[in-house]
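Dear colleague,

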2 protein chains.
Amino acid sequence: MTGGLLDRRFFLKKGITFSVAVLASEPLHASTENYRQPWMEKPGEPFSNYGQPSAHEKETIRWTMGNSMAKGNGVSWTPLHDLEGTITPNGLHFERHHNGVPQIDPQKHQLLIHGVVKKPLIFDMDVLLRYPMVSRQCFIECGGNSNTGWRDEPIQTAAGYFHGMVSCSEWTGIPLKILLNKTILEESAKWVIAEGGDASMMNVSIPLEKMMDDCFLAIYQNGERIRPENGYPLRLIVPGWEGVVNVKWLRRLHLCNTPTMARNETSKYTELLPSGKARQFTFVMEAKSLITNPSYGYQLDKKGIYQISGLAWSGRGEIVKVEVSADGGKTWVEAELQQPVLSKCFTRFRIPWNWNGESTILKSRATDETGYVQPERKELIAERGKHGYFHYNGIVSWEITSKGVVSHVYA
Amino acid sequence: MTGGLLDRRFFLKKGITFSVAVLASEPLHASTENYRQPWMEKPGEPFSNYGQPSAHEKETIRWTMGNSMAKGNGVSWTPLHDLEGTITPNGLHFERHHNGVPQIDPQKHQLLIHGVVKKPLIFDMDVLLRYPMVSRQCFIECGGNSNTGWRDEPIQTAAGYFHGMVSCSEWTGIPLKILLNKTILEESAKWVIAEGGDASMMNVSIPLEKMMDDCFLAIYQNGERIRPENGYPLRLIVPGWEGVVNVKWLRRLHLCNTPTMARNETSKYTELLPSGKARQFTFVMEAKSLITNPSYGYQLDKKGIYQISGLAWSGRGEIVKVEVSADGGKTWVEAELQQPVLSKCFTRFRIPWNWNGESTILKSRATDETGYVQPERKELIAERGKHGYFHYNGIVSWEITSKGVVSHVYA
């Protein structure tokens with residue numbers, strides 16, 4: 001009735017005792033012969049000041065894609081299909097590059113706050129480090145993530161090279177509401193233009209109200225200083241909003257009465273609708289989910305128990321439900337959500353699945369705390385047309401053939 | 001009355017408008033001249049497949065300490081004094097080395113479960129990857145962390161080189177209760193000997209009851225596969241218990257009726273008490289806290305507002321309170337705890353402090369959900385004597401001189 005999906009806590013319930021038996025059909029070697037390995041025969045490698053992944057994991061990398069027409073422009077994708085849990089390690093956080101990675105000297109970096117203010121202020125990094133900080137685990141997703149979903153044919157590539165312009169870190173920094181307050185703001189200030197200090201000088205307009213709500217100036221990512229490609233030494237974090245407004249290498253906050261209509265909020269990051277009009281300032285990343293295991297490139301060996309695992313997130317708050325279908329959307333079963341579920345943060349979902357060895361289609365569907373339900377692709381296209389490029393969050397379908405091959409389908 | 005400590009939400013409360021003014025005594029450059037930096041004049045560096053920290057952060061490393069008498073034996077310390085938030089990046093997770101870092105081929109690594117079982121089982125990594133997983137953010141702390149606290153004179157070194165045998169990650173892996181169940185266990189099984197697959201073959205005894213409670217076999221750390229020095233490809237996680245039982249490179253779980261009395265639970269990881277008897281199997285890491293900023297090596301410029309920030313953790317569960325004293329312990333003020341507070345996990349605490357420029361002593365004191373309160377050093381020594389070496393969790397005192405120099409004192 002459910003395509004083989006099992007109760008989400010099937011293996012964790014007391015009294016379930018056949019988990020080992022289920023997998024005992026796998027090759028289990030009952031002998032301990034030849035059990036001594038070469039790395040037990042000699043001392044290991046020396047200690048390191050800064051660790052690196054195992055040489056056996058060299059394929060777990062950010063796949064990079066450069067724009068041949070504009071050096072320094074491109075994408076580094078997070079390999080979501082190789083990862084588990086909710087944290088993205090710093091070395092694998094996605095990047096959308098506009099003009100390469102600047103090597104900024106933090107002693108020379110400054111933040112200017114000016115415009116519709118009573119007095120312009122400039123902060124050195126040393127001064128900023130004395131301000132109160134908060135930490136928050138949250139995702140950042142490029143507004144253009146998953147954009148090949150708008151194409152007529154489903155792209156055949158690993159999940160991370162399709163959806164991997166999203167990552168999740170614990171960011172630590174200074175709440176904007178501490179810096180932007182009545183002491184310095186003029187009453188007419190309504191927007192903030194945030195500008196980056198690299199050679200692309202990315203600039204975008206953000207409503208002051210959002211800045212005062214939950215935005216902050218991050219200095220640390222997953223405990224250590226932010227890495228160069230993610231905005232060292234200072235990045236604006238705008239929780240739940242499209243990546244482009246999370247300005248890296250932040251050098252300037254310009255208070256204004258209106259948005260600035262910069263290149264990246266007019267010619268880019270807008271969406272042409274079927275009506276011929278375009279959506280603009282579509283900041284919020286709506287609820288989305290994705291099965292990462294199994295996904296394109298995985299090979300299922302034989303029928304039997306598998307653990308379906310994936311990620312869900314919403315720019316509007318907490319994920320409250322992820323349903324999984326193992327029969328192409330006919331029936332849906334609620335997956336287990338890894339606790340704690342945090343607002344505007346990756347939520348890992350998992351559900352066990354007893355595959356009967358026949359061809360089928362897996363899907364996942366996220367619901368967030370506002371009641372928003374991730375749409376099927378055809379619903380999304382009916383609403384938005386196919387020329388939007390940005391904000392693709394349709395349900396992802398993975399077809400499993402009877403040979404256990406996983407491919408991407410529209411279904 | 002409180003040595004200058006301010007209400008913990010001082011800056012975050014609505015209507016507090018003088019935070020900028022407070023720091024406006026810092027050098028703020030009101031001009032925008034010379035504001036264009038060299039890294040804005042030319043394209044940045046190329047994209048990378050796996051990112052690294054900024055060259056300007058090259059001093060944020062694991063300081064390593066080798067045993068000259070036994071190559072491969074030593075410590076790599078987490079630089080807690082340089083970090084913020086609660087996650088330790090994988091490259092900086094502490095290590096206690098017993099015989100170097102083995103380079104294990106995961107295709108050849110196996111886990112054997114045997115002893116008092118109905119049938120011995122061996123699992124390849126590929127098989128383990130099909131089992132149900134959970135993710136959990138938790139700390140691991142070496143039982144010998146902070147052991148110089150037992151010395152007669154306070155050690156003068158950075159906080160991380162004194163207390164940095166503790167780190168915190170999001171670990172993902174298979175709950176032991178799924179593998180160790182009635183199907184395979186004999187009723188008389190009471191202990192599990194866990195053994196590592198490196199050249200030191202670390203082995204330790206762990207009560208079966210704890211294994212069935214919250215232990216798991218970790219395969220991922222902060223999203224990616226565990227790194228070699230932290231146990232690649234498989235590590236036993238024993239939440240809240242001393243680091244040595246969180247066996248790295250796990251190759252064997254031997255079910256027994258009694259503990260095995262291995263070297264690292266008899267000649268090591270036991271504590272001689274004033275009575276002449278020794279404590280053994282002191283698994284739980286009791287509540288502890290530490291101000292990381294300011295701490296030894298920090299230099300306070302001048303009187304004014306500073307943000308005190310630190311870490312607290314308890315092997316018994318959640319931290320419920322961290323109090324800070326800015327007058328050597330005469331008065332205490334409750335610090336803000338960064339949410340979410342998770343069980344057996346780093347908890348970041350912060351409190352603003354208006355330093356009057358005079359010499360004083362900063363302390364922090366953690367309380368956990370069981371009501372356990374971190375003891376003053378003298379209380380700890382009165383109870384345990386000075387020959388224990390392990391499980392030092394006394395309150396840490398940082399003296400600030402009138403010149404803003406921070407040193408470690410017993411007070």
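In chain B, the residue that comes closest to the rotation axis is B:Pro89, whose C-alpha lies at 3.6 Å. Chain B can be laid on chain A by a turn of 180 degrees and a shift of 0.0 Å along the axis, with an RMSD of 0.0 Å (copies are superposed by least squares on the C-alpha atoms of residues with pLDDT of at least 70 in both), and that is the relation of a two-fold axis.

This is a predicted model, in which local features need pLDDT of at least 70 and side-chain atom pairs count only at pLDDT 80 or more, whereas totals for chains, interfaces and linings use all residues. Residues are numbered from 1 along each chain as its sequence is written, and chains are lettered from A in the order in which they are written.

The contact, for which C-beta atoms placed from the backbone must lie within 7 Å, takes 106 residues from chain B and 105 residues from chain A. Of the interface residues of chain B, 99% are also interface residues in chain A, so the copies meet through the same surface.

Chain B also holds an open sheet of five strands (DSSP runs of E, at least two residues; strands pair if DSSP finds at least two bridges between them), in the order β5-β4-β13-β8-β9 and with mixed pairing. Strands β5 (121-124) and β9 (203-207) of chain B stand at the edges, each with a single partner strand, so one side of each is left without a neighbour in the sheet. Within the sheet, β4 (residues 110-115) and β13 (residues 250-256) of chain B pair in the parallel sense over four bridges, and B:His114 stands opposite B:His254 in β13(B).

How values were computed: Contact = placed C-beta atoms within 7 Å.
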